[in-house]
Amino acid sequence: MSNHTDLPSNNEDSTQNLGENTDINLNQNNIEVTEEIHGIDAEGIALDNDVAIEEFFAPSGNARMADDFRAGYVAIVGRPNVGKSTLMNHLLGQKLSITSRKPQTTRHRIHGILSNHEMQAVFVDTPGIHRNEVRAINERMNKAAVSALVDVDLVLFVVDSDQWRDDDLLTLQKLGETNLTVVLVINKSDTLKDKGSVLPLIETFNDSFDFADIVPVSALKNQNLDRLQEVIASHLPVAAPIYDTEQITDRSERFLASEIIREKIMRSAGDEVPYDLTVQIDEFKDEPAHTDPKTGRPRKACTFIDATIYVERGGQKAIVIGDKGQRIKQVGMDARKDMEQLFGKKIMLTLWVKVKRGWSDDERALTSLGY
């Protein structure tokens with residue numbers, strides 16, 4: 001899980017040349033002849049060497065940071081199902097936060113880290129802020145979203161291009177209680193048949209709040225995201241990177257694995273299993289490459305993951321498992337594929353489905369399950 005940048009190819013060439021010419025006598029005369037032939041002075045050689053060494057040991061490989069490098073935390077907030085997770089994933093160029101067409105898919109705060117030579121933005125993808133706190137889990141999701149506004153440097157307030165709802169107003173009221181810099185991101189702007197129709201919406205929002213910037217985008221189609229990155233960078237403080245520039249999240253692989261499994265179930269089961277399910281990772285074991293002691297055959301490195309899917313009712317368990325186990329089998333195959341792509345290693349995944357009645361409204365159960 002890294003944004004690795006390849007080292008300059010001449011490092012390998014230089015090493016090879018040095019090995020082939022170990023008998024060369026590097027006396028002063030040889031250096032002077034070389035300087036006359038190539039027109040390079042000794043100070044220039046030393047400077048180039050210093051730059052090469054600095055780039056080699058830089059966290060992101062050969063990328064040099066700008067003198068006015070900027071870094072900070074950026075909260076992504078908005079009502080449920082407005083595209084916050086999709087926006088973060090496409091800004092990162094990496095699927096990190098799970099998505100589905102169902103509202104309130106995101107339940108936890110998830111940090112995604114975008115680094116380039118000019119800035120590092122630590123995005124905080126939050127659950128959607130909503131009014132109906134029916135159960136304890138809804139209350140905790142709202143608290144997680146609101147608490148994300150503490151100690152951030154910038155807020156991206158995401159709204160739908162053609163819809164304005166009460167939960168949008170609720171989010172705006174929460175933002176009005178802070179002194180934070182807020183950028184309005186009007187998502188799904190590609191769905192508008194008349195692009196001019198977004199102007200009244202911008203005027204409405206401008207009358208409601210003093211936004212630092214307003215940026216229409218299409219997160220799903222990567223439209224205007226470069227402009228959004230420029231706006232984000234302009235509002236972050238000048239500072240050193242918060243995380244290693246190759247890191248893309250501060251969340252563990254165990255957590256990401258559980259989220260991937262949950263996404264696959266939500267996408268597969270549709271409206272049959274709404275929010276009454278959660279996933280707990282029981283075992284996450286890395287096994288290095290080795291020779292099987294029984295067969296003598298080499299075995300590739302592999303990560304073994306055992307996970308339990310908890311639902312609240314017996315009928316939901318049957319739905320998750322599916323006819324003759326076909327649904328849970330497909331969920332496992334799809335989840336394993338995503339994990340192997342994200343983690344960059346072979347995965348062996350075992351899934352179990354159990355009933356845990358009332359877990360979503362049980363404070364102790366929520367805490368034990370990581371909420």
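**Entry 1: the model.** I am working from a predicted model.

**Entry 2: the sheet.** I looked up the strand order first. The sheet is open and has 6 strands. I read the order as β2-β3-β1-β4-β5-β6, and the pairing is mixed. Which strands lie at the edges? I found β2 (110-115) and β6 (213-216) there, each pairing on one side only.

**Entry 3: β2 and its partner.** Next I followed β2 to β3. A hairpin of 3 residues joins β2 to β3. Strand β3 covers residues 119-125 and pairs with β2 in the antiparallel sense. I noted 6 bridges for this pair. Which residue of β3 is the bridge partner of Ser-115? It is Gln-120. I also looked at Gly-112, which stands opposite Phe-123 in β3.

**Entry 4: the two sides of β2.** I then asked which way the residues of β2 point. Ile-110, Gly-112 and Leu-114 point one way. His-111, Ile-113 and Ser-115 point the other way. In a regular strand, side chains alternate between the two faces of the sheet.

**Entry 5: cover.** Are the residues of β2 buried or exposed? I found 6 of its 6 residues buried, so each has under 20% relative accessible area. Strand β2 is thus an edge strand that is mostly covered.

Definitions and conventions. Residues are numbered from 1 along each chain as its sequence is written. This is a predicted model: local features need pLDDT of at least 70, side-chain atom pairs count only at pLDDT 80 or more; totals for chains, interfaces and linings use all residues. Side-chain values use heavy atoms; hydrogens and water are left out. Two strands pair if DSSP finds at least two bridges between them. Helices (H or I, at least four residues) and strands (E, at least two) are DSSP runs, numbered from the N terminus. Buried means under 20% relative accessible area, exposed over 50%, partly exposed in between (1.4 Å probe, protein chains only).
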